[in-house]
Amino acid sequence: MESISALSKKLSDYLDPKKVKQINKAYDFACEAHSGQYRSSGDPYVTHPIAVASILGNFRMDEDSLTAAMLHDVMEDSGIPKSVIEKKFNKEVANLVDGVSKLNTLTISSKTESQAENLQKMVLAMSKDIRVIVVKLADRLHNMRTLLYLDREKQLRIAKETLEIYAPIAHRIGMNNLYRELEDLAFKTIYPTRYERLIAAVKKNRGGQKRLLNKIEKEMSDRLLKEGIASLVEGREKHIYSIYRKMKERRRSFEEIMDVYAIKIIVDTPENCYRTLGHIHNMYKPVRGRFKDYIAIPKSNGYQSIHTGVIALKGIPIEIQIKTQEMNDMAENGIASHWLYKSGNNSDSSPQIKARRWVAGLLEMRENYETTEEFINSVKTDIFPDEIYVFTPQGEVIEMPNGSTAIDFAYAVHTDIGHHCRACRINKKLAPLSVPLESGQTIEILRDTVPQTSPAWLNFATTTKARHSIRNYLGNLKSSEARKFGKKLLEQSLNNLNIKLKNVDKDKLRGALDSIGGRSLNRILKEIGLGIRVANVVARQIAGFVNKDSEIESDSAIPLEITGSEGLVVNYAPCCKPIPGDSVMGHFTADKGLVVHQERCKNILSFRKDPQQCFPVNWGESSGKVFTSQIKIMANDEPGLLANIASAITETGTNISSIQTTDLNSGIHDFVLDLEVSDRLHLSKIIKKIKTLKSIASVSRIHDQEERQAKVLH
Ligand code: MN
């Protein structure tokens with residue numbers, strides 16, 4: 001238990017006396033407000049706010065956050081009005097305490113309250129002032145640390161909520177240390193035996209290697225010291241819950257997870273990061289393709305570090321991160337480290353600028369939106385760009401990839417719910433199963449008593465799980481059922497083209513079937529029913545014959561790189577340049593026929609909702625055709641650079657059809673190359689090969705126009 005004097009002493013390391021005094025004043029205020037109140041542990045209540053403030057002190061948060069931490073429970077537990085806090089302290093402190101209190105009342109009073117609302121409040125509070133969440137997370141951390149004093153039922157509820165809401169938020173805002181501790185504490189509470197067993201297993205596994213690893217760490221720091229670089233070399237273990245999670249998802253066995261050793265090297269300056277890299281590569285054999293320079297090119301969340309992989313003593317593979325203390329703080333404490341460096345002389349470095357821009361962006365968004373709902377949705381997509389969060393009617397959060405539809409949701413909840421799915425309600429309104437979902441929606445799946453699984457669902461099911469389950473189910477259908485399904489679907493698709501299947505001229509139908517390689521109508525219908533062919537495509541092919549378009553005949557000799565495209569004009573979208581191996585979508589246009597786009601292509605986003613226009617297609621067998629793919633290379637300028645790159649590519653038997661180069665005027669060159677490749681494997685071989693060249697900073701494939709333009713702007 002920390003005393004106020006010990007805390008003050010710690011704070012005076014980085015706050016000036018006037019600011020420490022404000023926190024002391026808050027302590028006196030909290031003492032009085034909480035007098036006579038006790039924690040479940042039997043300690044005076046005020047020990048809790050001290051502990052919360054102390055956690056924030058470790059992050060070196062600013063004085064207003066610490067003051068708010070000290071006062072965070074006085075409104076709720078002692079009925080102190082906001083105006084009093086504003087008068088005694090200041091407006092910012094009052095707003096912070098108010099924000100944290102609002103989150104408190106919500107979680108405490110609402111055992112059955114939906115998580116949906118909790119998450120929404122959380123995001124909203126965060127957007128007003130992100131420090132509210134930082135204080136709240138520190139509060140939750142101390143409560144988790146002292147959870148053992150509560151009864152079992154409360155322990156479980158709080159631990160579960162921590163895993164589902166608080167830990168993910170801590171993770172998203174980059175407070176990784178806090179996130180790991182929250183997860184481990186919650187795991188320990190929910191599954192005490194599993195936790196103990198895993199701890200023991202980790203200890204046993206590491207025991208044997210301990211000496212060797214220590215030796216490697218010492219070898220590294222000795223060498224660096226000799227070279228005049230002061231460093232801190234430390235081994236880093238995965239946290240227990242992440243090991244458990246990985247095992248549970250059955251991605252890897254315990255041994256495989258433990259096989260990876262990670263070492264972090266902290267040095268004083270960015271320049272020394274690069275020098276350290278040189279020495280490490282000189283000491284041990286680097287692993288090809290593992291070097292990544294996130295210092296020159298930080299990750300989008302501002303993360304900076306140099307990554308490499310080496311083979312150390314006795315063939316042990318080691319992953320190494322090299323960074324400065326500031327980069328490390330940013331990686332461990334995320335948004336909280338922003339206040340630490342705000343006023344320092346490092347204030348212009350990019351992670352801080354990015355963090356500030358991010359927070360400023362959130363605030364700006366708040367002002368530009370008319371309704372709260374609209375705002376919450378945007379904030380969510382901003383913070384969780386690749387995932388959407390939707391809710392079951394019971395308020396359970398389901399995380400799904402962006403672009404998922406209600407059918408994906410149904411299968412994500414349970415395979416049986418997927419199969420029996422008949423319709424859905426989105427925010428209580430009936431909606432088609434094919435509509436892409438958005439964050440914050442509540443989805444209710446209406447079920448039938450008999451399975452409804454239809455091949456048509458493959459037109460808009462996007463997650464692997466849903467597609468796999470649907471195919472699996474259809475594969476087990478009887479032929480007669482599949483035919484019936486197929487007929488219904490083909491008739492629907494033909495109807496959309498104003499054609500009645502029964503009116504189609506027999507000879508023309510025969511001709512159409514021949515051209516698409518179907519032996520009989522029944523066979524085609526069955527294939528549609530089983531999801532092997534897409535009804536839309538077959539309907540267009542038949543329509544082509546019925547309307548006898550000369551263009552289609554002359555083009556029918558095109559190699560069939562896309563299965564099911566028989567008889568159709570196939571084009572490859574110039575915007576996203578798909579190559580075999582990419583996930584692709586087909587898009588129908590009146591003048592160009594079937595245009596194949598990458599599934600991720602932004603240009604088809606707006607049609608994806610409409611299965612009549614857009615549907616998944618698959619690559620067929622290789623036809624020897626070459627595809628153009630674009631890559632971007634950034635490299636440090638040196639004599640013969642371009643020649644080296646070109647000859648490395650030519651060595652892989654690849655034709656370069658164009659090269660554009662931009663001199664960035666900073667000693668760094670930027671190249672955009674058009675390459676003729678056969679598929680993804682071919683492309684990845686080329687990229688790997690280029691990466692082995694000296695002075696290459698990065699090599700990446702360009703997927704769309706935006707990325708192409710990004711090269712110029714940087
Ligand atoms: Mn509290």
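This is a predicted model: local features need pLDDT of at least 70, side-chain atom pairs count only at pLDDT 80 or more; totals for chains, interfaces and linings use all residues.

Visitor: Which protein donors does the manganese ion have?

Guide: They are H48 (NE2), H72 (NE2), D73 (OD) and D139 (OD), at 2.2 to 2.6 Å from the ion. Along the chain, these donor residues follow the spacing H-x23-H-D-x65-D. The pair H72 and D139 links distant parts of the chain, 67 residues apart. H72 belongs to the loop between helix 4 (63-71) and helix 5 (74-78), whereas D139 belongs to helix 9 (residues 131-145).

Visitor: Are H72 and D139 buried or exposed?

Guide: Both H72 and D139 are buried.

Visitor: How does one describe the packing of two helices?

Guide: One gives the angle between the two axes and the distance separating them. Here, helix 1 (residues 4-11) packs on helix 3 (residues 47-58) at about 15°, the axes being 10 Å apart. Because angles under 35 degrees count as roughly parallel, helix 1 is roughly parallel to helix 3. The contact residues comprise 5 nonpolar, 3 polar and 1 charged. The crossing of helix 1 past helix 3 is left-handed.

Visitor: At what angle do helix 12 and helix 14 pack?

Guide: Helix 12 (residues 192-207) and helix 14 (residues 240-248) meet at about 100°, with axes 10 Å apart. That angle makes the two helices roughly perpendicular. Their contact holds 8 nonpolar residues, 1 charged residue and no polar ones. On helix 12 the contact residues are R194, Y195, L198, I199 and V202, and on helix 14 they are I240, I243, Y244 and M247.

Note on methods:
Residues are numbered from 1 along each chain as its sequence is written. Side-chain values use heavy atoms; hydrogens and water are left out. Donors are N, O and S atoms within 2.8 Å of the metal (3.2 Å for Na, K and Ca); water is not among the atoms, so sites may look incomplete. Helices (H or I, at least four residues) and strands (E, at least two) are DSSP runs, numbered from the N terminus. Buried means under 20% relative accessible area, exposed over 50%, partly exposed in between (1.4 Å probe, protein chains only). Axes are lines fitted to C-alpha atoms, for helices over the stretch in contact, and angles run from 0 to 180 degrees between N-to-C directions. Angles under 35 degrees count as roughly parallel, over 145 as roughly antiparallel, 65 to 115 as roughly perpendicular and the rest as oblique. A crossing is left-handed if the near helix is turned anticlockwise from the far one by less than a right angle, and right-handed if clockwise. Ala, Val, Leu, Ile, Met, Phe, Trp, Tyr, Cys and Pro count as nonpolar, Asp, Glu, Lys and Arg as charged, and the others, Gly among them, as polar. Contact means heavy atoms within 4.5 Å.
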